[in-house]
Amino acid sequence: MVFKKGRLIFSKRGVSPLIATVLLIAFAVALGAMVMNLGSLYADAGDGEGIQQPNADCSGVAINIYRIEGREQVFYESSGKDIRITFMIENSGLKQIRGVKAIVVGDSRNVLTKDFSQVVDAASVLREALEYDADAYGEIVDIKFIPLIEVAGTPFPCQKMAINAERLPQAN
Amino acid sequence: MKSLADEVKKRKVSGESSREISLALGEQGFLQADISSAISESAGADSEKRKRERIENHFFMIKEFYDRIGFGLASQQFINILLMQIASSYFIVGLFNALKAFLEVVMAFFMNSYMRLRRVPVRSIGLAGILFGFSLIIVASASMFKSLPLFLLGMAVATISVVSYGEPYQRLLSSRIKKERRSYALKKIAYFGIITTAVSLFIGGRIMDAFPESGEVVSLSLFGNPLSFRLYGYLIAFDMAAILFILSGYALSFIRDQGQSDEHGGILSELGRGFKESFENIRAVTSKRILLLLLVTGAVMGSLQTLVNSFYGIFIFRAFFRTGFGGFTNVAFIFIMALLASLLGPKISKMNADKYGKFPMLVFGTLLMAITPLTYYYNPTMFAIAEATLLGVIGSVIAGVAQNLLLIDLAGERERRVFFSTLSILVVVPQLVIVPLGAYLADIYSLSLVFLGAGIAMASMTPLYLGVIVLHKKEKI
């Protein structure tokens, strides 16, 4: 940039390609970091929809769907309209959890929610089953598990640690 | 008399008025009566041509409009979600998308070879459109009966017919009405078309959410008799799209065929010649290191894009089924953002390519593209995904424009054409490996991990570009 007759004008020489690349990489990384953290401050300690919850410490809480030979242990057995969903959830975090909340969404947009309150230590597995009425809820579209911790004597769902079942195969 | 008519026509084309022509030809010794008759004949032919162009503009516009609505209602993302609901396997969805891309390339190659030999009659183009419409009915019916083979059959017919419809149509349009003679709406179809597709995408999503997969029971009374049946959203949306494509194909039948097809040898020998030429082109393009690098990165990026694009819709549908606008409408919303972003991309890219140089813009575009899959892994919330999609589409347009500008500097016009035709063929090879492999990994591990892997792979193209910049730092590229 140079000053000419009191006016600021831009030099015709641009930045070298290497410097331009470095600048643009830095800009892209900044944009990426911003997008990847977008809304996370707002959602922290919230219910995922922006509603503030009591201050709960979900750090160190993590769950996984238990896998045997690479297969997620979430299955269904059906007899007519009655479906039984069996699942195994592993406490893969550092803390004890007070159970899990299972949310099953049917394609009629009806949702079945059930809490399984049971103490699960770190590196332990919870095995449970859930009865699902296909007539009332429709075909299963999604299954989500949310770890529960105890806050002020009541179970509190750590929404950010929720996991979804990838698939729901039929039990052999 | 014929030479007089030709002379009049020639002078009219060069912009002379009837009076000027009359004076000039009178000076050349032609009889005034002959000149007047030739001028009036020419004027009649002109007005006939204008009338024909007006009618054709009208029908081309109808066709474009119906097509854009149809492509919005039966969006590829909706098709992937329906396939996932039938197949329950990411691998099948991935394999389907890779094979579809392969079939598209093969069909385009075949159509281009065919069009070098023969003119495709307008009626055949219209019929291909009608066939495409019917294939969508097959796809929707397959979803209703949960039949995977029927679904795949419908999509195979759809892919073949859409290429046989699209490629010759573009040639027909440019041969029949020159750009300056097109109506305003037809000239600006790239913009209006995107807006039309965006609106119909939203309507399609709403319809599919209003009538869920298990169907909505509708009860009617017909002549006093109770009648109840189930309505399926995807069936309504896809059937609407099918009707529009059928009407669009029919609209083309109103465009008069011109001239006879010229026969120039057999199609098989032309295909063989095309193959030979393609291999020679590959050898020619790969002999230049910089073009080879652009070719390899372009092919890998194309494959990774196909992989992640196959699953974005499915991920959004499943993760946000209960939130936002509803399963399909959420998908529509995100992809409307993508469509609108594609309008902005070229302007941003051209503005910045001069200031920063083309290679830096290529690197920037590539990194922006990598943000989208990484956001699906790190921050899968609706808002973040919408923003990431916006950036990803702008990035992909920036990378595309930068690549074009770069090729203008690096290669001549013929070489550029060869580059793009080679890229369109070469991209199929990694696509057939990367897409099914990624989908298989999604089945074994998780879809999120595949997004992470794809994002990292896209970002890792950057060092390759950086290497080229360092090698060529003496000249600003």
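## Close-up views of a predicted two-chain model

**Figure 1. Chain B of this predicted model is divided into three stretches, namely domain 1 (2-48), domain 2 (54-261) and domain 3 (265-477).** Taken over C-alpha atoms, the centres of domain 2 of chain B and domain 3 of chain B are separated by 25 Å. To their contact, domain 2 of chain B gives 34 residues and domain 3 of chain B gives 38 residues.

**Figure 2. Helices of domain 2 of chain B form part of the side that touches domain 3 of chain B.** Two or more residues each come from helix 4 (76-87), helix 5 (90-117) and helix 9 (189-210) of chain B. Helix 5 of chain B provides the largest share, 16 residues. Sorted by class, the residues on this side of domain 2 of chain B are 21 nonpolar, 10 polar and 3 charged.

**Figure 3. Helix 12 (residues 289-319) and helix 16 (residues 413-426) of chain B cross at roughly 40°.** Two packed helices are described by the angle between their axes and the distance between the axes. Here the axes of helix 12 of chain B and helix 16 of chain B come within 9 Å and cross at roughly 40°, which means that helix 12 of chain B is oblique to helix 16 of chain B. The crossing of these two helices is right-handed. From helix 12 of chain B, the contact uses Leu291(B), Leu295(B), Gly298(B) and Ala299(B); from helix 16 of chain B, it uses Phe419(B), Thr422(B), Leu423(B) and Leu426(B). This contact has 6 nonpolar residues, 2 polar residues and no charged residues.

**Figure 4. Tyr66(B) lies in helix 3 (residues 32-73) of chain B.** Tyr66(B) counts as buried because it has 23 C-beta neighbours inside 10 Å, where 20 or more are required. Leaving aside residues up to four places away in sequence, Tyr66(B) touches Leu244(B), Leu247(B), Ser248(B) and Ala251(B). Between Tyr66(B) and Ile21(B) there is a separation of 45 residues in sequence and, from C-alpha to C-alpha, of 44 Å in space.

**Figure 5. Chain A and chain B meet in a contact of 30 residues from chain A and 38 residues from chain B.** On the side of chain A that touches chain B, helix 1 (17-37) and strand 11 (140-151) of chain A each supply at least two residues. The largest share of this side, 12 residues, belongs to helix 1 of chain A. By class, the side of chain A that touches chain B comprises 13 nonpolar, 11 polar and 6 charged residues.

Notes: Residues are numbered from 1 along each chain as its sequence is written. Chains are lettered from A and ligands numbered from 1 in the order in which they are written. This is a predicted model: local features need pLDDT of at least 70, side-chain atom pairs count only at pLDDT 80 or more; totals for chains, interfaces and linings use all residues. Two residues are in contact if their C-beta atoms, placed from the backbone, lie within 7 Å. Helices (H or I, at least four residues) and strands (E, at least two) are DSSP runs, numbered from the N terminus. Ala, Val, Leu, Ile, Met, Phe, Trp, Tyr, Cys and Pro count as nonpolar, Asp, Glu, Lys and Arg as charged, and the others, Gly among them, as polar. Domain bounds come from an automatic or database domain assignment. Axes are lines fitted to C-alpha atoms, for helices over the stretch in contact, and angles run from 0 to 180 degrees between N-to-C directions. Angles under 35 degrees count as roughly parallel, over 145 as roughly antiparallel, 65 to 115 as roughly perpendicular and the rest as oblique. A crossing is left-handed if the near helix is turned anticlockwise from the far one by less than a right angle, and right-handed if clockwise. A residue is buried if 20 or more other C-beta atoms lie within 10 Å of its own, exposed if 12 or fewer, and partly exposed in between; C-beta atoms are placed from the backbone.
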